Amino acid sequence: MRRAEIDTVRLLWQEMPGDFTATLAFAVGARDEDVDQLGITHLAARHLLLSLLAEPDETAGLLETSFTLTGDPAQVAEDLNDLAALIENPDLSGLALTAQQLDPADRASELDLDLDDAVRDPWASLLARRLGPTGPGLLRWPAVDPHRLTADEVRAHLARWFTAGNAVLTCTGPPPAQLRLPLPAGPRAAHATSPVRGSAGPAWYADEVVAPAIAVGATAGPEAFLLMRLLGTRVDAALQRAAVKAWSTEWSTPVGDERLELGLSLHLRGKARQRDSALAARILWQELRRLAVEEPSPAELDGIVTRFTRSPAEDPQLRGQLERLGVLDSAEQAHAQAPLVDAGHRELLDVSDEFGQAQVAAAARLGPADVRAAAVAWLPSALLVVPNGVDPSLDGMARTGCPTGSYTPQGELLRPSLARRLRGAKDGLVLGDDACHLVAADGTVHTFAMRDAMLIQRRGETLLGDVGHGCLVDVSGFTGVDKLVTRVPPRRHRIAHD
């Protein structure tokens with residue numbers, strides 16, 4: 001792999017077969033946004049594309065925003081030059097048109113959230129609970145209406161993050177001689193470290209989520225890679241044995257200072273989701289605990305490393321699936337380019353949300369005792385979420401939740417509608433001057449300060465959130481709940497389209 005610089009932009013390149021491909025990546029993503037500017041990176045990147053004659057593949061994810069061009073090297077060089085010039089001097093006169101053309105599902109897809117119900121994504125709930133409204137803790141909340149984001153805000157966002165010092169270019173061949181990258185000057189970005197909130201030991205809570213998920217606070221490295229993959233493998237096997245129709249997603253989300261939120265979220269299928277949620281939650285917890293008690297076998301660890309490093313062509317089952325989909329060649333090409341992509345991530349990011357070859361190689365040198373020691377160290381930080389109404393009865397895990405009280409302040413009482421009462425609801429909502437109070441049937445009062453409130457309306461329902469606590473409750477069916485639209489802070493009324 002070769003290194004160079006073009007107009008102070010770091011460049012990594014390696015000779016590879018196939019079409020010439022270049023990716024210009026910036027170390028900025030959703031973690032670098034503000035709760036009242038969510039979606040600004042996606043809007044800025046998409047506006048650049050609409051101003052460019054070329055059509056690069058663009059991704060605006062959690063940690064980075066990238067533009068990938070493939071084709072004739074001279075043409076790719078010209079398109080990259082044009083892109084850099086647009087970033088240096090952006091024409092934002094058509095920003096309203098870009099906002100009109102944005103597809104909200106694109107953002108959920110790029111952030112790997114549940115496309116069917118992103119606001120109820122269990123991993124996003126865990127991050128919001130643990131981190132509050134900072135960094136990855138923002139993933140739970142829908143984007144601001146892009147029409148509310150101003151040209152001045154987008155221009156400032158581009159000027160801060162889309163700079164030469166905060167960019168890396170990777171190429172699958174020598175850079176064309178005519179390639180120039182006249183990006184604005186600027187340093188490598190410093191990302192805020194999210195403060196992690198924890199309890200005295202393992203805990204669980206209930207929230208408006210579609211399925212259970214579990215997280216631990218971990219340290220980036222090969223132990224985290226093995227633990228995550230091992231947990232996922234064992235949970236999938238246990239779910240299958242229990243006849244729970246589900247699949248899992250493994251997560252490794254950086255929060256700063258070499259720390260990760262590491263864990264697993266589930267996707268349940270079928271009609272018995274409430275019943276299955278309790279069982280699935282118990283499986284998540286028992287398999288994590290088992291890793292802290294029993295050492296895995298060397299064969300299990302070897303299998304994880306082998307599956308990660310083997311190319312699609314070397315895996316008969318995967319090869320057959322990819323051949324049927326007609327994407328084997330592209331999968332093989334992506335596998336071949338993995339070392340280049342990994343090197344770009346190491347150059348660009350403080351901690352990546354993907355495990356690269358260096359960490360996998362280090363994982364191959366670890367033994368069962370190393371994995372168990374990591375599980376023992378991280379187990380006290382375990383946090384598990386289940387859907388509201390589910391009691392998983394988790395031995396060794398305390399229940400936690402938002403602060404509540406028993407005193408109901410004065411205010412306008414919003415009563416549940418007849419339809420809500422027929423569904424068994426016996427709660428009430430009190431609308432005060434500076435807060436909204438949800439009064440449960442047992443008299444417990446959950447207060448939402450207006451300064452931290454988020455109102456989300458989607459598919460005929462209304463959800464009330466607290467960005468400080470990270471929680472979300474369904475307040476659909478309260479008479480007069482639309483009065484909250486004018487009470488929450490500006491830009492905190494979100495229309496979700498997932």
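Six strands form an open sheet in the order β9-β10-β8-β11-β7-β12, and their pairing is mixed. Strands here are DSSP runs of E with at least two residues, and helices are runs of H or I with at least four residues; both are numbered from the N terminus. Two strands count as paired if DSSP finds at least two bridges between them. The model is a predicted one: local features need pLDDT of at least 70, side-chain atom pairs count only at pLDDT 80 or more, and totals for chains, interfaces and linings use all residues. Residues are numbered from 1 along each chain as its sequence is written, and side-chain values use heavy atoms, with hydrogens and water left out.

Now look at β7 (residues 203-207) and β11 (residues 383-387). These two strands run parallel and are joined by five bridges. Y205 stands opposite V385 in β11.

A helix covers part of this sheet. Helix α7 (residues 222-241) packs on it and touches β8 (213-219), β9 and β10 (259-268). Contact means heavy atoms within 4.5 Å. The direction of α7 makes about 15° with that of β10. Such angles run from 0 to 180 degrees between N-to-C directions, with axes fitted as lines to C-alpha atoms, for helices over the stretch in contact.

Two loops deserve a stop. E258 is found in the loop between β9 and β10. Its phi is near 65°, a positive value in a residue other than glycine. E258 is partly exposed, with a relative accessible area of 44%. The cut-offs are under 20% for buried and over 50% for exposed, with partly exposed in between, using a 1.4 Å probe and protein chains only. S393 lies in the loop between β11 and β12. Phi of S393 is also positive, near 50°, and this residue is not glycine either. At 55% relative accessibility, S393 counts as exposed.

Now turn to another sheet. This open sheet of six strands has the order β1-β2-β6-β3-β5-β4, with mixed pairing. Its edges are β1 (2-6) and β4 (57-60). Each of these has a single partner strand, so one side of each lacks a neighbour in the sheet. From one strand to the next, the twist averages 20°. Strands β2 (residues 9-13) and β6 (residues 167-171) pair in the parallel sense over four bridges. The bridge partner of R10 in β6 is V168. Helix α1 (residues 40-50) lies across β4 and β5 (65-71). Helix α1 runs at about 165° to β4.
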